[in-house]
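Visitor: I would like to learn how to read a protein model, one feature at a time. Could you guide me through it?

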Amino acid sequence: MHSAPADVVKVFHFKKLSMAYTEEELKKELETKEYEYGFYTDIDSDTFPNGLNEEIIRKISEKKGEPEWMTEWRLKAYASWCKMIEPEWANVTYKKPDLQAISYYSAPKTKPKYNSLDEVDPELLKTFEKLGISLDEQKKLSGVAVDIVMDSVSVATTFKETLAEKGIIFCSITEAIKEHPELVKKYLGTVVPPRDNYYAGLNSAVFTDGSFCYIPKGVRCPMELSTYFRINQAGTGQFERTLVIADKGSYVSYLEGCTAPSRDENQLHAAVVELIALDDAEIKYSTVQNWFPGDKEGKGGVFNFVTKRGICHNRAKISWTQVETGSAVTWKYPSCILKGDDSIGEFYSIAVTNNYQQADTGTKMIHLGKNTRSTIISKGISAGKSQNSYRGLVQVGSRALNARNFSQCDSLLMGNACGAHTFPYIEAKNNSAQIEHEATTSKIGEDQIFYCNQRGIDTEKAIALIVNGFSKEVLNKLPMEFAVEAQKLLEISLEGSVG
Amino acid sequence: MLTIENLHATVEGKEILKGIDLDVKAGEVHAIMGPNGSGKSTLSSVISGNEDYQITKGSLVFKGNDLVELDAEERAHLGVFLSFQYPVEIPGVTVTNFIKTAINANRKAKGLDDMPASELLKKIREKAQLLEIDSKFLSRSLNEGFSGGEKKRNEIFQMAMLEPALAILDETDSGLDIDALKIVANGVNKLKSKENAVIIITHYQRLLDYIVPDFVHVLFDGKIVKSGTKELAHELEAKGYDWIKELA
């Protein structure tokens, strides 16, 4: 199974709800993940020349075997994107990537193969160790050949059967375009239209990877759907597109992300995620992201310019939870359009920046329906020379009677060379709206650290404890095994930031 | 157990301790008294390893280890415990979680595995009972919104859990009403043994009515100017500190 085809773009795996995360389960999960059971996208192994034009887009669409309507959709997106300019309002500074210097279609990289762990990047192994990943698993993750008895086929099959029985569709976006065109056609670009913003426009024209999920009416998805990896399997798409549709009265919890620092050659990542929660549906979308943040001097690192947005119909609920520790520059505002009456939007976020990282992240809660409610809990942690900004918009439309919002933005500073900024925007056009905003800024005190030290807790652990306490409200929103991993990730991200 | 010789220490360049000598043996209770600003809290900070204080001269030896060379957490691992005069708040971290982290950090330093959850819970229940601590208290964020008395009781609770060889109680009586004072003193007395020692730092002799010291030292202007038995504490209570100044 280690000769996994080079054209594996993404392998999906599933997790049972609130599964105890034992070593045994983990092993199973990994086997499941590596086994050919996953959904593959076949791509030829050639690479397109750099640059972007209509011809390239046609070729992408052709390579992916897309129907004509999809090609047209991409071209239309490209045409409108050509008239757009890169936004500059975010509180970040970076050298704009040269979009003509990127190849928009290339075969995924083959994972390097090693004979022993000694050949693997020691930094990566160190991270694995801190995450508590076993030696065998470390070997597997870093591509060292190891033999594992394959006994999990039945597990994977059961999962797939369970989903199919309930009519749940969970596959790659490419497959969905071919197999479920009526759903894709109906919903793609309805929440994040190609004209929405510069990077969403670019994504719409050129996306090649991503996932699709449909939960039928009244179905409660029995397991967490996950496109979560501890490490990238085969290089992650630069332009991912995710579409999740929860039909009336359905429920789904979706996880995505990657824990190990993803050293990716692609500097720019511009994903689009669209969530559609129809009447009485609920979507929980959790992300733990750790793109390569650049080195201690701020060299390298990924630009993560993401557009994530969901729409809630009547009595529907969308809940975004994110733990962002990676990327050199982050520009991300998972948002909710509360179109339906009595709909609910939630945003729980932890954003950590260290060294020279910059993050401008937050949310938009657009209240359109009556009795709509939204909650925003944002925890920003800045260390080193980083800059961490919260930017949020709470908008209440003129017909949104009795809209309610509660926002809480807390910042934690470590050291005195970093920055925390809060940019809350409130636009209320209906005077029945109730909007509350609370903000705090605190610093990890020397006295707190000494107190912990005196109890025998070393400084690294003390910081982890304080940071976890600070982030608790958000960590609690994550599925349990995810929360444990996220906690460890916070510790790793802030290592060496005080002292 | 603890031997302090000619200890000089400064904070922000200002000399606070000007030659302290103190010898504390296992099984003993020492009280250090003195007026405000005499250096009592500085002494506790220096023994426990607060880096805001610099030792400029003298020695500090605990169970054969030169403390000057050790970080605060290493001193804690050896069994030095400070009950803080002003315990800090750590929002979002429960009392239980904090004590669990502390206990396991100390066990790790000794090469032991984490304490099994059942054992930990049993111990927590036992010690909470000893100090008449409500179980709800244990799931609150550490010191956040605690009253003065609750903070001090929580310090002694941690001491009971960690079972240190040397406990320094820095003004533990301040902020305690008489009932709480009795509970805390009772707890300390029950934890006392021939193997451990206690240093009580206090301004008043009130606490010493309940935890009876073997030795009382009077600190003034960075030096121990008089040592004696518990009668000295009564004398101080009656006469105040003014006469001490003349000894200096």
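Predicted model: local features only at pLDDT ≥ 70, side-chain atom pairs only at ≥ 80, totals over all residues.

Visitor: How are two packed helices described?

Guide: Two packed helices are described by the angle between their axes and by the distance between those axes. Here, helix α2 (residues 54–63) of chain A packs against helix α3 (residues 68–82) of chain A at an angle of about 150°, and their axes are 9 Å apart. An angle over 145 degrees counts as roughly antiparallel, and α2(A) and α3(A) are therefore roughly antiparallel to each other. The crossing of α2(A) and α3(A) is right-handed.

Visitor: Which residues of α2(A) and α3(A) meet?

Guide: From α2(A) come A:Glu54, A:Ile57, A:Arg58 and A:Ser61, and these meet A:Met70, A:Thr71, A:Arg74, A:Leu75 and A:Tyr78 of α3(A). Sorted by class, the residues of this contact between α2(A) and α3(A) are four nonpolar, two polar and three charged.

Visitor: Turning to strands, how many residues of strand β5 (residues 241–246) of chain A are buried?

Guide: Six of the six residues of β5(A) are buried, so this strand is largely enclosed by the rest of the structure. A:Arg241, A:Leu243 and A:Ile245 point one way from β5(A), while A:Thr242, A:Val244 and A:Ala246 point the other way, and all are buried.

Visitor: Which strand does β5(A) pair with over six bridges, and in what sense?

Guide: That partner is strand β8 (residues 272–277) of chain A, which pairs with β5(A) in the parallel sense; within this pairing, A:Val244 has A:Leu275 in β8(A) as its bridge partner. Strand β3 (residues 211–215) of chain A also runs parallel to β5(A) and is joined to it by four bridges, with A:Phe212 having A:Leu243 in β5(A) as its bridge partner.

Visitor: How many residues of chain A are in contact with chain B?

Guide: There are 17 residues of chain A in contact with 20 residues of chain B. On the side of chain A that touches chain B, α10 (446–454) and α11 (459–475) each supply at least two residues, and that side has six nonpolar, six polar and five charged residues.

Visitor: Is helix α1 (residues 40–48) of chain B mostly covered or mostly uncovered?

Guide: Helix α1(B) is mostly covered, since eight of its nine residues are buried, including B:Leu43, B:Val46 and B:Ile47. After α1(B) comes B:Gly49, whose phi is positive, near 95°.

Notes
Residues numbered from 1 in each chain as written. Chains lettered and ligands numbered in written order. Axes fitted to C-alpha atoms, helices over the stretch in contact; angles between N-to-C directions. Parallel < 35°, antiparallel > 145°, perpendicular 65-115°, else oblique. Left-handed = near helix turned anticlockwise from the far one by under 90°. Contact = placed C-beta atoms within 7 Å. Nonpolar A, V, L, I, M, F, W, Y, C, P; charged D, E, K, R; others polar. Buried ≥ 20, exposed ≤ 12 C-beta atoms within 10 Å, placed from the backbone. Pairing = 2+ DSSP bridges.
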